[in-house]
Amino acid sequence: MKSQNGHRTATDEASGCEQAEPVLADRQGEIQRFGELIELPLGLSRATREASVTALNHILADVMTLRDLYQKHHWQASGPTFKQLYELFAKHYQQQSALTEQIAQRIQILGGISIAMSADVADLTWLDRPPRGRETVSVQITRLLGGHEKLLLEARELARRCMEEGDPGTADLLVSNVVRTNELQVWVLAEHLVGIPDAEAGRP
Ligand SMILES: [Fe+2]
């Protein structure tokens with residue numbers, strides 16, 4: 001087996017059928033560095049696209065964090081409403097997952113590069129990191145509501161800036177998809193905290 005530069009690796013032995021062997025790429029083949037934008041005939045200035053891409057990557061990091069928080073709470077659900085919450089958390093996880101695809105796609109449409117890996121998400125997100133341990137249902141839901149609110153404030157502010165800077169496509173994605181999905185999830189979640197006794201909610 002040969003690397004692309006033609007050098008044999010340490011494990012190479014002559015096989016006699018080199019033409020049939022895969023040619024591995026050297027691991028330094030970035031064609032676009034993170035933060036760089038490619039040119040596209042969108043009728044949008046580079047400055048506008050750069051501003052939208054940078055802010056969208058922050059929103060993406062928060063949506064991915066919220067999505068994973070739903071996964072954690074789905075796995076760690078408990079109590080008399082277990083089945084209902086187990087299914088609700090899974091549904092919201094799927095909806096947040098769909099949003100990540102739409103946001104990442106928008107970043108690529110604008111000529112940028114979306115973050116993808118969990119280490120990069122952890123670097124960029126503004127949402128609080130939850131403990132690894134299991135929490136009560138009330139704490140789980142309260143934590144989720146806090147994440148939704150931060151995300152909603154951020155998404156509305158970015159939508160407003162995008163309208164001012166002449167990028168209504170991004171503003172539309174933020175309002176029609178990110179804001180409306182998250183507002184709906186807040187309503188559905190918050191209803192689960194109505195009538196919960198103080199002791200169960202952890203209040204003195
Ligand atoms: Fe599951």
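This is a predicted model: local features need pLDDT of at least 70, side-chain atom pairs count only at pLDDT 80 or more; totals for chains, interfaces and linings use all residues.
Trainee: Okay, how do α4 and α5 run relative to each other?

Mentor: Two packed helices are described by the angle between their axes and the distance between the axes. Here the axes of α4 and helix α5 (residues 168-190) come within 9 Å and cross at roughly 160 degrees (lines fitted to C-alpha atoms over the stretch in contact, angles from 0 to 180 degrees between N-to-C directions). The pair is therefore roughly antiparallel. By class, the contact of α4 with α5 has 19 nonpolar, four polar and two charged residues.

Trainee: Where is Leu-127 found, and is Leu-127 buried or exposed?

Mentor: Leu-127 is in the loop between α3 (118-124) and α4 (137-164); helices are DSSP runs (H or I, at least four residues). Leu-127 counts as buried because it has 21 C-beta neighbours inside 10 Å (buried takes 20 or more, exposed 12 or fewer, partly exposed in between).

Trainee: Which residues does Leu-127 touch?

Mentor: Leaving out residues up to four places away in sequence, Leu-127 touches Asp-62, Thr-65, Leu-66, Gly-147 and Lys-150 (C-beta atoms, placed from the backbone, within 7 Å). Leu-127 and Gly-147 sit 20 residues apart in sequence, with 6.0 Å from C-alpha to C-alpha.

Methods
Residues are numbered from 1 along each chain as its sequence is written. Helices (H or I, at least four residues) and strands (E, at least two) are DSSP runs, numbered from the N terminus. Two residues are in contact if their C-beta atoms, placed from the backbone, lie within 7 Å. Angles under 35 degrees count as roughly parallel, over 145 as roughly antiparallel, 65 to 115 as roughly perpendicular and the rest as oblique. Ala, Val, Leu, Ile, Met, Phe, Trp, Tyr, Cys and Pro count as nonpolar, Asp, Glu, Lys and Arg as charged, and the others, Gly among them, as polar.
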